[in-house]
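These are my notebook entries on a structure that I looked through element by element. The sequence and the model are shown first.

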Amino acid sequence: MLKYIIKRILAALVTLTIIVSVVFILVRQMPIEGYFDNFEKLDQSVINAKLVQMGLTRPIHIQLINFFGKLFRGDLGTSARYSVGVSIGQLIAAKAPVSILFGLVSMVLSMLLGIPLGLEMARSQTKLSTAFATKFFDWFGTIFIVFVNAVPSAVYHIFIQEYGSRALNTSMLFSRGNWVTWVLPVVSMSLGGVAYYAMWLRRYMVDELNRDYVSLARAKGVTSKNIMKSHVFRNAFVPMIQYIPGAILFTVVGSIYVESLYSIPGMGGLLVDVIKKQDNPMVQILVMIYSCIGVVGLLLGDLMMAVIDPRITFVKKEGAR
Amino acid sequence: MKVKPSRLRDNISRPLEMSIQAEIDNIDSKLFRESAFNEDEAERIGYSNYSYWRSTFRAFSRKKIPVALLFVLVILLVFTFIQPFLPGQYAATKINNHPITGLQLSNVKPMLTTVKAAAPSGTVLSVTRSKNVPEGWLAVSNIIGSVPRRTAFTVTEYLDDWVRIEYGGAVGYVINDFSTKLKLADDPSAVPYEATSNFNVNFFIEPMDFTNNGIELFVKASDASVADDGASCVLNSQTNLYLIPSDSPFLFGTNNIGQDLWALVWSGTRTSLFIGFMVAVIEAVIGMIIGMLWGYVRRLDRILTEIYNVLDNIPTTIVLILIAYILKPGIGTLIFAMSLTSWVGMARFIRNQIIIIRDRDYNLASRCLGTSLPRQILRNLLPYLVSVIMLQMALAIPGAIGSEVFITYIGLGLPVSVPSLGNLINAGRKLLSTSQSYQLVFPTVVLSIVTISCYMIGNAFADAADPKNHR
């Protein structure tokens with residue numbers, strides 16, 4: 001077990017190094033305008049002097065080694081165009097708490113809504129009754145899932161913002177003091193999550209319902225409710241646990257689109273802003289942070305699975321190939 | 001024929017045996033004929049006439065909604081391609097101007113016809129000459145002059161929503177409503193008296209407005225007889241007056257720079273579908289090739305697994321943003337950025353399936369019987385893979401369209417000169433609460449039809465293509 005965890009963490013570190021290097025090398029291919037605040041007005045000699053000062057004229061591998069050295073000392077560099085000369089670490093530190101708050105609230109909301117919806121949809125598969133309430137959840141859930149998955153989120157967020165703010169009689173943009181303006185971004189951010197949890201929970205539960213142990217439990221006379229609660233749900237939830245850490249981390253860095261749409265001062269909106277301003281150092285750091293969060297989320301998910309699911313063993317199976 | 005005597009001949013089996021024997025004896029022996037022993041026949045292997053594609057098709061056609069959506073999608077697809085060749089279409093990027101004013105026909109509301117009004121036979125209209133008016137059309141109006149603002153004119157007749165006036169020797173009719181705000185006498189029908197307005201007011205030949213808010217309308221030259229001086233014409237018959245010198249309406253209206261939204265929407269759908277299809281095809285092809293290699297070639301397994309671990313960890317949105325940021329914006333860039341990592345999931349799935357199926361008993365049996373490798377892949381492996389390949393391809397299209405909208409929003413999408421659904425939605429986004437909301441609604445509706453159809457057809461086909469669901 002310990003060996004597995006150590007191996008997994010080392011693999012993640014290697015992946016992180018590769019990702020950071022690739023992003024670094026790719027962003028270095030950008031035009032040098034992205035490193036200057038007022039490029040057009042600068043003299044060629046000043047530009048050259050500044051490039052030397054920033055170390056951008058050196059060979060790429062030396063630059064990369066210097067960059068890793070700075071990263072280890074916790075120095076993320078300074079912004080070039082977005083807010084000139086301010087350290088990127090400070091900028092992110094100011095934005096991150098907002099994103100974390102939004103991410104956690106919408107994460108909790110999507111689980112609170114998605115899991116019961118998935119449960120209810122799976123339950124309606126087992127019931128023979130065609131009662132309205134039973135069928136309603138199945139129909140509603142199916143339509144909801146198809147809609148959220150098929151229609152690009154970039155489109156329905158616009159409509160939620162417009163008609164939602166009209167219905168709530170509030171501003172279309174976020175303002176920190178007014179709690180009503182929190183509602184729409186949170187709802188927008190959690191819609192995808194609700195559909196995700198409902199869809200997968202339903203699918204895993206329907207899979208589990210066809211297993212032999214469910215038939216056995218039924219034959220023994222366990223009530224339908226108890227089968228659902230303590231047999232099916234528990235087993236169906238295990239594969240979903242793997243994705244929870246990743247989902248938490250992702251919602252924490254914020255939905256890029258929603259934050260930008262509502263002008264929420266978070267990290268997602270920041271990424272869009274710095275792309276529009278073509279601020280190379282900041283794009284580089286933010287892209288790295290987002291990619292690393294993917295790696296860390298997957299690592300945590302795997303580790304959690306290993307701890308929770310007793311069926312996962314670390315003895316290497318001999319392949320039949 | 002005789003029933004073999006049972007070893008456990010007891011009181012129960014005995015009568016049963018007897019009755020069966022009686023039944024057999026009753027059978028007409030002419031119905032049967034004995035056949036000689038044939039070694040080849042004994043070795044023959046039976047097969048079912050199960051056809052994979054026929055069963056898949058049957059399973060799919062049983063589902064009503066996806067079939068209907070497939071129908072809609074095919075019609076839509078065909079239409080997007082034939083639309084530019086239909087008669088009376090505007091070029092998507094053409095900026096339409098009014099021939100007389102020279103201004104862009106911006107934010108024109110959706111319309112079904114370009115006819116503004118009909119004028120009776122014998123109506124006299126003044127002709128505005130301009131070289132911008134196309135051949136066969138006349139720019140006309142029935143305005144004969146205008147009174148400058150705050151200038152007195154004489155009202156000679158009061159007709160409620162029109163008044164007849166005399167000004168500078170000319171006689172004409174002026175509209176009397178909020179648009180002219182005439183300052184008439186306390187008793188407006190006690191003519192004649194002097195009146196003024198705070199606006200410039202046009203006066204017309206008759207109490208009829210044959211203009212578009214004071215701007216010239218158009219008639220076909222064949223419907224009117226032009227006077228010798230070319231400054232006026234008389235209509236030969238009951239004639240339609242057109243907003244623009246064309247029979248083709250702006251079905252979806254125009255955008256803020258006077259481009260035909262109908263043409264833009266279809267051109268944009270073509271672009272977006274092209275991006276979607278290309279991404280789906282590239283994903284499928286690369287995914288299949290890498291997946292097959294990964295599954296079959298043992299030496300590649302380790303390295304490909306490591307590559308997979310790295311690529312799968314990076315969020316696709318971030319790859320998309322990074323590539324679009326670095327490269328020049330364009331269709332090629334978007335396709336490249338979207339398909340750069342998307343094949344990874346497909347490759348892994350195919351690899352897993354191949355490893356599982358290669359050593360299944362039926363494939364082993366098939367190999368022992370000497371099935372060639374291409375036939376093994378085609379007949380034994382592919383049916384298991386088709387469902388997921390189709391599903392992934394069907395989902396790639398809505399995914400690519402959605403990514404395109406997103407990447408356009410953050411300013412890294414296609415240039416404005418290339419119409420796409422992303423560009424149109426992004427331009428229409430700010431107009432949702434205005435009276436021009438149709439500029440968002442039309443692209444959104446088309447986009448939703450495409451994406452929802454693709455998604456549902458993909459899912460239904462994946463179900464149908466799974467051999468487990470063939471009954």
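**Entry 1: one residue.** I began with this question: is Leu311(B) buried or exposed? The model is predicted, and I read every entry below with that in mind. I counted 21 other C-beta atoms within 10 Å of Leu311(B). The cut-off for a buried residue is 20 or more, so Leu311(B) is buried. I then looked up its place, which is in helix H6 (residues 298-313) of chain B. Setting aside neighbours within four places in sequence, I found Leu311(B) in contact with Thr341(B) and Val344(B). I also noted Gly345(B), which is 34 residues from Leu311(B) in sequence and 9.7 Å from it in space, C-alpha to C-alpha.

**Entry 2: H5 and H10 of chain B.** Next I examined helix H5 (residues 261-296) and helix H10 (residues 373-409) of chain B, which pack at an angle of about 140 degrees with their axes 8 Å apart. Because of this angle, H5(B) is oblique to H10(B). I recorded the crossing as right-handed. On the side of H5(B), the contact includes Ser272(B), Ile275(B), Gly276(B) and Phe277(B); on the side of H10(B), it includes Ile389(B), Gln392(B), Met393(B) and Ala396(B). By class, the residues of this contact are eleven nonpolar, three polar and two charged.

I stayed with H10(B) and found a kink of about 60 degrees at Leu382(B), shortly before the proline Pro383(B). After H10(B) comes Gly411(B), with a positive phi near 90 degrees.

**Entry 3: H11 and H12 of chain B.** I then turned to helix H11 (residues 421-428) and helix H12 (residues 438-465) of chain B, whose axes come within 8 Å and cross at roughly 145 degrees. Their crossing is left-handed. Leu421(B), Leu424(B), Ile425(B), Ala427(B) and Gly428(B) of H11(B) meet Gln439(B), Leu440(B), Pro443(B), Thr444(B) and Leu447(B) of H12(B). I sorted the residues of this contact into seven nonpolar, three polar and no charged.

**Entry 4: where the chains meet.** How many residues does each chain give to the contact? I found 32 residues from chain A and 33 residues from chain B. Among the elements of chain A that give two or more residues to this side are helix H1 (2-28), helix H5 (132-150) and helix H13 (280-308). H13(A) gives the most, with seven residues. By class, the side of chain A that touches chain B has 23 nonpolar, six polar and three charged residues.

Notes: Residues are numbered from 1 along each chain as its sequence is written. Chains are lettered from A and ligands numbered from 1 in the order in which they are written. This is a predicted model: local features need pLDDT of at least 70, side-chain atom pairs count only at pLDDT 80 or more; totals for chains, interfaces and linings use all residues. Two residues are in contact if their C-beta atoms, placed from the backbone, lie within 7 Å. Helices (H or I, at least four residues) and strands (E, at least two) are DSSP runs, numbered from the N terminus. Ala, Val, Leu, Ile, Met, Phe, Trp, Tyr, Cys and Pro count as nonpolar, Asp, Glu, Lys and Arg as charged, and the others, Gly among them, as polar. Axes are lines fitted to C-alpha atoms, for helices over the stretch in contact, and angles run from 0 to 180 degrees between N-to-C directions. Angles under 35 degrees count as roughly parallel, over 145 as roughly antiparallel, 65 to 115 as roughly perpendicular and the rest as oblique. A crossing is left-handed if the near helix is turned anticlockwise from the far one by less than a right angle, and right-handed if clockwise. The bend at a residue is the angle between axes fitted to the seven residues ending there and the seven starting there. A residue is buried if 20 or more other C-beta atoms lie within 10 Å of its own, exposed if 12 or fewer, and partly exposed in between; C-beta atoms are placed from the backbone.
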